[in-house]
There are 2 protein chains.
Amino acid sequence: MKNIAILGSTGSIGQSTLSIVASYPERFAVASLAAGRNVDAVFEQCVRWRPRVVSLATEELAAELARRLQKEGSTTEVVWGSEGTVRVATLPEVDFVVSAIVGVAGLEATYAAVEAGKTIGLANKEAMVAAGEILTAVAREKNVALLPIDSEHNAIHQCMRAGKRDEVRQIWLTASGGPFRTLPASEFKNITVEQALHHPTWVMGRRITIDSATLLNKGLEIIEACRLFDLPPSAIKVTVHPQSTVHSLVEFVDGSLLAQISVTDMRLPILYALSYPERVESDLRFDMAALSDLHFEPPDLQRFPCLRLSYEAAEKGGAHAIALNAADEVAVQAFLERVIPFTGIPDTIEQVLETTPERHPATIQEVLALDSESRELAQEVLAGREAFRRC
Amino acid sequence: MKNIAILGSTGSIGQSTLSIVASYPERFAVASLAAGRNVDAVFEQCVRWRPRVVSLATEELAAELARRLQKEGSTTEVVWGSEGTVRVATLPEVDFVVSAIVGVAGLEATYAAVEAGKTIGLANKEAMVAAGEILTAVAREKNVALLPIDSEHNAIHQCMRAGKRDEVRQIWLTASGGPFRTLPASEFKNITVEQALHHPTWVMGRRITIDSATLLNKGLEIIEACRLFDLPPSAIKVTVHPQSTVHSLVEFVDGSLLAQISVTDMRLPILYALSYPERVESDLRFDMAALSDLHFEPPDLQRFPCLRLSYEAAEKGGAHAIALNAADEVAVQAFLERVIPFTGIPDTIEQVLETTPERHPATIQEVLALDSESRELAQEVLAGREAFRRC
């Protein structure tokens with residue numbers, strides 16, 4: 001029986017994880033949950049799953065949840081804030097931590113969980129981008145497995161099993177290409193928020209949907225892959241595959257490529273990570289009759305400069321990886337608020353990267369400080385644009 | 001350094017194996033060679049590779065080769081016949097035996113090599129079809145690896161590494177579909193020898209080209225896969241994939257499929273088998289830019305009855321697997337001699353299978369006896385057809 005802590009239990013990955021736990025009661029149990037502000041959802045999860053500890057964003061929300069749980073006769077302990085999340089992630093009985101708190105918020109708790117020797121299921125991409133060098137170092141030291149839960153890196157993890165790490169020539173991350181895969185370069189400046197929010201394959205949050213449209217999301221995945229699989233950026237390639245059926249490929253030195261194919265359902269990588277190194281029977285069947293035509297094409301770095309910027313940030317690592325992620329989040333917000341055009345996203349990131357000094361943080365605190373600095377820098381760049389525009 | 005014996009050194013697989021040995025002189029050496037009747041080719045191989053022992057089909061051919069080698073001052077010992085092939089396969093210094101003698105001729109030597117504890121690279125499909133139950137049993141007993149050298153099973157072997165055998169739900173063998181993939185059922189009876197010998201992807205021998213056109217070749221591969229990977233016929237599926245880019249897929253119980261992709265060059269599976277469990281750098285690069293569109297479709301058992309017959313033979317195993325292979329070889333020969341139409345091939349096989357009693361040979365001698373019986377039976381069926389036609 002694996003005891004699981006879920007960081008981000010009310011989000012999409014958290015809910016999918018709970019549905020997997022529900023399907024395999026003999027294998028998995030919920031030990032603890034951490035969520036943000038959705039008291040109603042967490043309350044229901046506590047009634048259903050009876051975790052020993054649950055954490056919410058603030059003391060007030062925690063107090064409200066505690067009151068409601070008391071009425072139900074629940075014995076769940078309610079904690080809050082980043083300390084609460086760390087507690088949830090490091091309980092002695094926890095074997096496996098699903099790290100699915102979006103952004104750098106989940107970083108401290110994930111780090112604490114690795115330090116405490118827990119196996120990690122990583123759905124929090126930004127954690128590996130911002131602090132991958134630190135997280136992988138401590139994971140190596142503690143002999144802790146970092147198992148990717150996003151579909152591309154999970155695919156790579158599976159394909160890597162067909163050889164040794166030093167037998168990998170390169171990795172091919174598949175990208176859907178987003179809604180603007182075939183849009184002429186001249187029309188990129190006129191892309192509206194509505195157009196950019198319409199992703200062809202996945203239904204996701206607003207930032208990640210825009211990141212899929214700029215391919216910055218794939219850029220973050222390049223950095224994540226470098227960290228997770230200990231490979232240089234030059235060994236991580238992108239291939240545009242609009243059907244999103246092949247989730248990624250690994251090319252070995254002898255010339256063999258291994259590809260992973262499955263339904264596009266996050267429960268599959270979650271189940272894989274939770275049960276690794278075993279595989280367990282599931283009803284997630286890929287219909288081979290539906291496997292008719294698969295298309296692949298090289299990405300266009302000219303129309304999608306975020307991909308080029310990501311490679312540059314990956315090469316420099318440290319502060320530049322942090323800046324890439326932070327500047328993008330700020331720029332995407334500005335695009336969503338219609339302050340900058342779609343093409344303003346890579347422009348903003350580029351300017352932030354250009355003024356970012358080369359630094360390699362050694363602690364999570366330094367990572368968080370650099371993240372704040374990058375956000376401020378991005379805001380300044382945006383303010384500069386605005387001032388320039390008004391001239 | 002791995003010392004290699006090549007059974008079938010002058011054939012296509014033998015030559016490809018030698019080209020791999022030539023590329024990796026620090027890893028592989030030629031210990032011994034067995035060939036058939038091509039004295040000129042074997043002579044050149046002996047001069048180049050200086051094997052300790054070489055075997056030819058007959059005493060006369062061996063004497064001729066010995067005379068020519070003596071003039072060159074060669075110290076290679078020349079032997080002949082099936083005993084000679086066994087000697088080549090079982091020399092004490094041999095680590096790895098490439099079993100690439102077409103048909104059941106290579107069977108005795110392959111069995112002897114397994115018994116002698118040699119690692120086997122299997123390019124001889126019929127050996128596994130006719131005697132797979134016996135070969136795998138002795139391989140298990142001697143803890144010997146049977147590594148497939150044909151592209152489909154080699155692909156499966158690679159994909160299987162991403163999980164355990166009992167975590168495999170089913171295997172998907174890819175089939176090019178042959179030249180008649182899209183031909184209407186009504187036109188099959190008019191297929192000419194010339195049409196059938198024109199394979200869309202691979203250039204191969206005459207029998208295997210016809211077997212690719214009837215899909216009987218895929219049927220033999222179904223049986224081979226059952227034996228090699230210890231799976232029931234119901235777990236071996238076929239998907240028609242005209243590009244032959246994906247060489248096969250393995251579907252695991254959790255719903256993940258792993259696929260292997262590479263250039264269509266036999267040197268790749270040979271190199272994989274020779275260097276297993278390592279992978280070594282090669283110049284066999286798959287051009288991802290060329291990976292544009294991949295098509296898959298289910299096979300049509302109505303137009304390709306050989307596939308249905310193969311599943312039936314796989315279910316019964318033993319004598320029926322032997323009969324499938326033997327009857328097909330006889331029927332293909334009759335088709336090539338324009339004695340029977342294309343549709344006469346499955347008809348002949350079906351009649352032979354119907355009159356074959358269920359038997360499970362325990363020795364290679366019994367396998368060879370059953371093989372002869374099946375060939376006679378097939379000749380009788382053909383003679384009966386002929387007699388019937390003349391009525």
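This report looks at one helix packing and several aromatic ring pairs in a predicted model.

**A helix pair in chain B**

Let's start with helix 10 (residues 216-229) of chain B and helix 13 (residues 318-336) of chain B. Their axes come within 11 Å and cross at roughly 150°. Angles over 145 degrees count as roughly antiparallel, so helix 10 of chain B and helix 13 of chain B are roughly antiparallel to each other. The crossing of helix 10 of chain B and helix 13 of chain B is left-handed.

**Aromatic rings**

Over all chains, a search of the whole structure finds 14 aromatic pairs. Here are two of them.

| Ring pair | Distance of centres | Angle of planes | Class |
|---|---|---|---|
| A:Tyr24 and A:Phe28 | 6.1 Å | 70° | edge-to-face |
| B:Tyr272 and B:Tyr276 | 5.8 Å | 45° | tilted |

In the chain B pair, B:Tyr272 counts as buried because its relative accessibility is 1%, whereas B:Tyr276 is partly exposed, with a relative accessible area of 27%.

Chain A also holds a cluster: ring pairs link A:Phe180, A:Phe188, A:Phe304, A:Phe335 and A:Phe342.

Technical notes: Residues numbered from 1 in each chain as written. Chains lettered and ligands numbered in written order. Predicted model: local features only at pLDDT ≥ 70, side-chain atom pairs only at ≥ 80, totals over all residues. Heavy atoms only, no water. Axes fitted to C-alpha atoms, helices over the stretch in contact; angles between N-to-C directions. Helix = DSSP H or I, 4+ residues; strand = E, 2+ residues; numbered from the N terminus. Parallel < 35°, antiparallel > 145°, perpendicular 65-115°, else oblique. Left-handed = near helix turned anticlockwise from the far one by under 90°. Phe/Tyr/Trp six-rings, centres within 6.5 Å; stacked < 30°, edge-to-face > 60°. Buried < 20%, exposed > 50% of the residue type's maximum accessible area, 1.4 Å probe, protein only.
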